[in-house]
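Let's take a walk through the salt bridges of this model. Have the side chains in view as you read.

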Amino acid sequence: MDQILLVEDEPSVASFIKKGLDEEGYRVSVAYDGASALQLFDQGHYDLVILDIILPHKSGIEICRSIRKQASAAPSILMLTALGTTENIVNGLDSGADDYLTKPFKFKELLARIRALLRRKTFLAHSADNLLEIADLKLDRNTKTALRAGMEIKLTSTEYRLLEYFLKNQRKVLSRIDLLENVWDINFDMGTNVVDVYVNYLRNKIDKGFGSKLIHTVIGMGYIMKTDS
Ligand code: CA
């Protein structure tokens, strides 16, 4: 049974979500502030954390960063918040969240996103092919480490997933919609530039300062990962 930690300071919202998730068969613990969220997290084993951002004591962003620092337990993190600007979303994903849903939300959509996050986790855990590479770039999916020309590259969880998707689809043009769907699980055009923002983050880490570029822009279409030649 999947264990979920729900962090939400509004009691009526928390009980509504908990009730719905209980009915779906998830085991849900609720924290109503940032400090008790981290305490509960340390004491339990959670597959998924649903995080509000504006909370007493500690923000959801801080909680997310703290959870991501503890690499051994790696739950999926879904931010569920009223803060809905592109900047909010980029900030949330950049702090280590896997997905971001804004309030008000449809409960069916929340459930679908939870299922997708848990599915991806299971898929990664059981995947047999755990080394992806192109030229002198290697991604080890067991240890979640990336190397370029033998140098370790530190990636956030979103950058990691983006790189993984590029590597699995190398020499294919990937549109922004394709990347949104497969890296962020977002199935509609949010009208944000989140893809371009993250592709740039990733380029700065894996291409900048190295001899050959691996991520190329295909004007009007998207991006492609390939060797120069
Ligand atoms: Ca709140």
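Start with Glu133 and Lys138, which form a salt bridge with their closest N and O atoms 3.5 Å apart. The term here means a side-chain nitrogen of Lys or Arg within 4 Å of a carboxyl oxygen of Asp or Glu. Glu133 has a relative accessibility of 39% and is partly exposed, and Lys138, at 33%, is partly exposed too. (Buried means under 20% relative accessible area, exposed over 50%, and partly exposed in between, with a 1.4 Å probe and protein chains only.)

A word on the ground rules: this is a predicted model, where local features need pLDDT of at least 70, side-chain atom pairs count only at pLDDT 80 or more, and totals for chains, interfaces and linings use all residues. Residues are numbered from 1 along each chain as its sequence is written, and side-chain values use heavy atoms, with hydrogens and water left out.

Now look at Arg148 and Asp207, whose side chains meet in a salt bridge at 3.1 Å, N to O. Arg148 sits in strand E8 (residues 145–148) and Asp207 in the loop between H8 and strand E11 (215–218), so this pair ties together parts 59 residues apart in sequence. Helices (H or I, at least four residues) and strands (E, at least two) are DSSP runs, numbered from the N terminus. Both Arg148 and Asp207 are buried.

Next come Asp185 and Arg120, another salt bridge at 3.1 Å, N to O. Asp185 is in the loop between helix H7 (176–183) and helix H8 (194–206), while Arg120 belongs to helix H5 (residues 107–126), so parts 65 residues apart in sequence are tied together. Arg120 is buried, at 17% relative accessible area.

Finally, Glu8, Asp52 and Lys103 are linked in a network of salt bridges. How many salt bridges does a search of the whole structure find? It finds 16.
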